[in-house]
Amino acid sequence: MFVKDVVIQNQVGLHARPATFFIQKANEYKSSIWVEKEDRRVNAKSLLGVLSLGIVGGTAIRIIADGSDEKDAVNGLVTLVESGFNE
């Protein structure tokens, strides 16, 4: 299991468009991946799950992966979040 915390950089947070980019990136990996905000954890490969967290700009989230490519998965998603989803 590999875990990293990251702060959402873009102003509007994980609304539909950046959440879609996030899910697409998560689906590139074989590992099971979760996103955690406060005490809620959802499947990072589920659009409804990610949107249900209501993640806004400046929110700290935790990305957790477990599997054969867990480090690549977490680092890839952290890089995407830190880029501000190119918005």
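Biologist: Between which strand and which helix is the loop that holds N10 found?
Modeller: This is a predicted model, in which local features need pLDDT of at least 70, side-chain atom pairs count only at pLDDT 80 or more, and totals for chains, interfaces and linings use all residues. Residues are numbered from 1 along each chain as its sequence is written, and side-chain values use heavy atoms, with hydrogens and water left out. Helices (H or I, at least four residues) and strands (E, at least two) are DSSP runs numbered from the N terminus. On that basis, the loop with N10 lies between strand 1 (2-7) and helix 1 (16-26).

Biologist: How many bridges join strand 4 to strand 1, and which residue of strand 4 is the bridge partner of V7?
Modeller: Two strands pair if DSSP finds at least two bridges between them. Strand 1 and strand 4 (residues 60-66) run antiparallel and are joined by six bridges. Within strand 4, the bridge partner of V7 is A60.

Biologist: Which residue of strand 4 is the bridge partner of V35?
Modeller: Strand 2 (residues 32-37) also runs antiparallel to strand 4, to which five bridges join it. In strand 4, the partner of V35 is I63.

Biologist: Which residues are linked with E36 in a network of salt bridges?
Modeller: A salt bridge is a side-chain nitrogen of Lys or Arg within 4 Å of a carboxyl oxygen of Asp or Glu. E36, which is buried at 16% relative accessible area, forms one with R41 (closest N and O atoms 2.9 Å apart) and one with R62 (3.8 Å). Because E36 lies in strand 2 and R62 in strand 4, this second pair ties together parts that are 26 residues apart in sequence. Linked with E36 in the network are D5, R41 and R62.

Biologist: What is the N to O distance in the salt bridge of E28 and K25?
Modeller: E28 is exposed, with 56% relative accessible area, whereas K25 is partly exposed at 23%. The side chains of E28 and K25 meet with an N to O distance of 3.5 Å.

Biologist: Over the face of which residue does R41 lie?
Modeller: A charge sits over a ring if NZ of Lys or CZ of Arg is within 6 Å of the ring centre and within 35 degrees of the ring normal. R41, which counts as partly exposed at 44% relative accessibility, lies 5.6 Å from the ring centre, over the face of W34.

Methods. Buried means under 20% relative accessible area, exposed over 50%, partly exposed in between (1.4 Å probe, protein chains only).
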